[in-house]
Amino acid sequence: MSEEILLKLVSAITKIKNFTTQFPNTKFYIGKTDNLQRREQEHLLEGYKNIKPIADTSSIDDLNELENILIKLSRLFYGENLENDRDGGGGKITDSPIYYIYLASK
């Protein structure tokens, strides 16, 4: 893992920790997207109230690695509050200059 990705990982973990401290019983989902506005609209229809980016990258490989690690750590620390069914890898990502990892909350 590169130093850049490690720094993004630490930053994203901090954002998740801040969220869960501020909203301790709130259900949340961690996802990835190449289009944050489109994904926000989709999640609003699914009952989520807020989406905020917690990391970004220009590499699909880094995107997938970040998502996987963040979901696994969140499942370990926040258990039932995390709504992800799997450790990432789902969804369709197209070529884009920037990709986002986001936290969607209910």
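**Entry 1: contacts along the chain**

I looked up how far apart in sequence the contacting residues are. In the protein chain, 78% of the contacts with a separation of 6 or more are made by residues 24 or more positions apart. I note here that this is a predicted model.

**Entry 2: elements and overall form**

I listed the helices and strands next. The protein chain has three helices and three strands. Reading along the sequence, I get the pattern α-β-α-β-α-β. The radius of gyration is 13 Å, close to the 13 Å that the globule rule gives for 106 residues, so the protein chain is as compact as a globular protein of that length. I also looked up the extent of the C-alpha trace, which spans about 35 × 30 × 20 Å along its principal axes.

**Entry 3: surface and charges**

How many of the 106 residues count as buried? The share is 35%. The accessible surface of the protein chain comes to about 6,300 Å². Carbon and sulfur atoms hold 50% of that surface. I then turned to the charges: there are 14 positive and 16 negative ones, and their mean positions lie 6 Å apart.

**Entry 4: the nonpolar core**

In soluble globular proteins, nonpolar side chains tend to be buried together. I looked for such a group here. The largest nonpolar core has 17 residues. Which of them touch the most other members? I noted Ile 16, Phe 28, Ile 30, Ile 54, Leu 70 and Ile 101. Two or more core residues come from each of α1 (3-22), β1 (28-33), β2 (50-57), α3 (60-78) and β3 (99-105). The largest share, five residues, is given by α1.

Helix α2 covers residues 36-45, and His 43 lies in it. Is His 43 buried or exposed? His 43 is buried, because its relative accessible area is 1% and the cut-off for buried is under 20%. With residues up to four places away in sequence not counted, His 43 touches Tyr 29, Tyr 48, Ile 51, Tyr 102 and Ala 104.

Gln 37 is also found in helix α2. Gln 37 has a relative accessibility of 64%, so I put it down as exposed; the cut-off for exposed is over 50%.

**Entry 5: Leu 7 in α1**

Leu 7 is found in helix α1. Why does Leu 7 count as exposed? It does so because its relative accessibility is 54%, and exposed means over 50%. From Leu 7 to Asn 18 I count eleven residues in sequence, and the distance in space is 17 Å, C-alpha to C-alpha.

**Entry 6: Glu 80 in a loop**

Where is Glu 80 found? Glu 80 is in the loop between α3 and β3. Glu 80 is exposed, with a relative accessible area of 67%. I took the distance from Glu 80 to Asn 25 as my last entry. These residues are 55 apart along the chain, and their C-alpha atoms are separated by 9.4 Å.

Terms used
Residues numbered from 1 in each chain as written. Predicted model: local features only at pLDDT ≥ 70, side-chain atom pairs only at ≥ 80, totals over all residues. Heavy atoms only, no water. Helix = DSSP H or I, 4+ residues; strand = E, 2+ residues; numbered from the N terminus. Rg over C-alpha atoms; globule rule 2.2 N^0.38 Å. Buried < 20%, exposed > 50% of the residue type's maximum accessible area, 1.4 Å probe, protein only. Contact = heavy atoms within 4.5 Å. Areas by Shrake-Rupley, 256 points an atom, 1.4 Å probe, with all protein chains shown as cover. Lys, Arg positive; Asp, Glu negative; His and termini not counted. Charge placed at Lys NZ, Arg CZ, Asp CG, Glu CD. Core = buried A, V, L, I, M, F, W, Y, C linked by side-chain atoms within 4.5 Å.
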